[in-house]
Amino acid sequence: KKSTLEDIDAIIGADICFWDEMVKPLLKLIDKAVDCGVKRVMIADPQRSPFFALAEKCKKRYGAELVEWRSEAYPRISGSILVIDKR
């Protein structure tokens with residue numbers, strides 16, 4: 001049976017890794033996505049500790065990188081984007 005991720009080029013998420021309990025299921029989703037040939041996974045977060053735990057695992061497994069972002073407009077906010085690029 002064909003996986004539902006085989007025809008997907010990119011997965012983008014934001015503000016989804018806010019509890020420690022979210023790290024394992026998100027890593028499982030990322031593993032499945034990479035196994036199915038998804039070319040890019042990007043997850044944005046306001047820099048919470050569970051997000052950094054996920055990012056560290058993805059750095060080791062997939063050579064992921066963290067890109068910091070900042071908004072100078074009101075309200076001034078910042079965060080990081082986890083990027084896994086398999087292109």
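What covers the buried residues of helix 1? Some notes on that and its surroundings follow.

1. This is a predicted model, where local features need pLDDT of at least 70, side-chain atom pairs count only at pLDDT 80 or more, and totals for chains, interfaces and linings use all residues. Numbering starts from 1 along each chain as its sequence is written, and side-chain values use heavy atoms, with hydrogens and water left out.

2. On the opening question: the cover includes strand 1, strand 2, helix 2 (49-62) and strand 4, with contact meaning heavy atoms within 4.5 Å. Helices (H or I, at least four residues) and strands (E, at least two) are DSSP runs, numbered from the N terminus.

3. The buried set in helix 1 is Val-23, Leu-26, Leu-27, Ile-30, Asp-31, Ala-33 and Val-34. They sit on the same side of helix 1, because their arc around the axis is only 165 degrees (taken from the directions from the helix axis to the C-beta atoms). Lys-24, Lys-28 and Asp-35 are exposed on the other side. Buried is under 20% relative accessible area, exposed over 50%, partly exposed in between (1.4 Å probe, protein chains only).

4. After helix 1 comes Gly-37, with a positive phi near 95 degrees.

5. Strand 1 (residues 10-14) pairs with strand 2 in the parallel sense over 5 bridges; pairing takes at least two DSSP bridges between two strands. Ala-14 has Ala-44 as its bridge partner in strand 2.

6. Strand 2 and strand 4 (residues 78-85) run antiparallel, joined by 6 bridges. Val-41 is opposite Ile-84 of strand 4. Val-41 also belongs to the covered face of strand 2, along with Ile-43 and Asp-45.
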